[in-house]
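Hello,

Here is the structure I promised to pass on to you. Please have a look at it first, and then read my notes below.

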Amino acid sequence: MKKGTITILSIVGVVALIFLWGVSVNNRLVTNEENVAKAWSQVENVYKRRMDLIPQLVNTVKGAANYEKGVLTEVTNARAGVQQTQVDPSQLTEEQVRAYQKAQDNLSKALANTIKVTVERYPELTATQGFRDLQTQLEGTENRITVERGKFNEAVQAYNTKLRRFPASLIAGMLGFEKKGYFTAPEEAAEPVNVEFDF
């Protein structure tokens with residue numbers, strides 16, 4: 001073989017290796033991005049479960065007591081706010097996740113207030129099996145939400161880490177992969193909890 005042919009084969013070999021490496025990096029980033037989308041889907045599933053339980057809670061309480069319109073309106077408005085806040089799984093920016101989280105946090109507060117007011121004003125309601133079952137389902141759903149949000153954040157961390165590591169960050173930038181947003185604790189979670197016993 002001539003020296004020129006060996007040089008051309010060497011260059012072709014190096015280019016082929018770089019190309020294969022780029023394909024491998026792309027495939028790993030796509031896999032991680034799909035894991036983030038899957039985790040987001042699970043988060044939405046558990047939030048949907050909670051949304052589906054709200055009408056049952058309202059109807060159960062309405063049927064057992066003369067339910068206050070103010071509390072009902074608060075829950076209904078918060079639920080409507082959640083339904084209006086939609087996030088595209090392929091564009092999970094920090095701002096979009098924060099807006100979605102804020103709407104969900106508002107609904108959580110409304111639900112907590114509803115249950116608290118209802119139990120305080122209508123203690124006989126807590127004795128009904130339907131209300132107790134629904135309250136247990138809501139508590140279980142809140143626990144599922146916490147678990148799925150944790151799994152989502154783990155998937156985002158794996159994706160964002162791979163995205164930022166050199167030399168994969170070079171390929172990620174060229175192919176348009178972008179950092180995903182995390183779920184974070186609401187601001188009021190940093191405030192101390194006030195515990196009062198009213199005897």
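A term to start with: pLDDT is the predictor's confidence in each residue, on a scale from 0 to 100. The protein averages a pLDDT of 75, and 68% of the residues score at least 70. Over residues 192–199 the pLDDT stays under 50, and the model has zero contacts there beyond four places in sequence, a contact being heavy atoms within 4.5 Å. Where pLDDT is low, the predicted coordinates should not be read in detail.

A word on how to read the rest: this is a predicted model, in which local features need pLDDT of at least 70 and side-chain atom pairs count only at pLDDT 80 or more, while totals for chains, interfaces and linings use all residues. Residues are numbered from 1 along each chain as its sequence is written, and side-chain values use heavy atoms, with hydrogens and water left out.

Now to the finding. The count of salt bridges comes to one, where a salt bridge is a side-chain nitrogen of Lys or Arg within 4 Å of a carboxyl oxygen of Asp or Glu. The partners are E33 and K180, whose closest N and O atoms are 3.2 Å apart. E33 lies in helix α1 (residues 3–64) and K180 in the segment after α5, so the pair ties together parts that are 147 residues apart in sequence. Helices here are DSSP runs (H or I, at least four residues), numbered from the N terminus; α5 spans 168–175.

Best wishes

Methods
Helix = DSSP H or I, 4+ residues; strand = E, 2+ residues; numbered from the N terminus.
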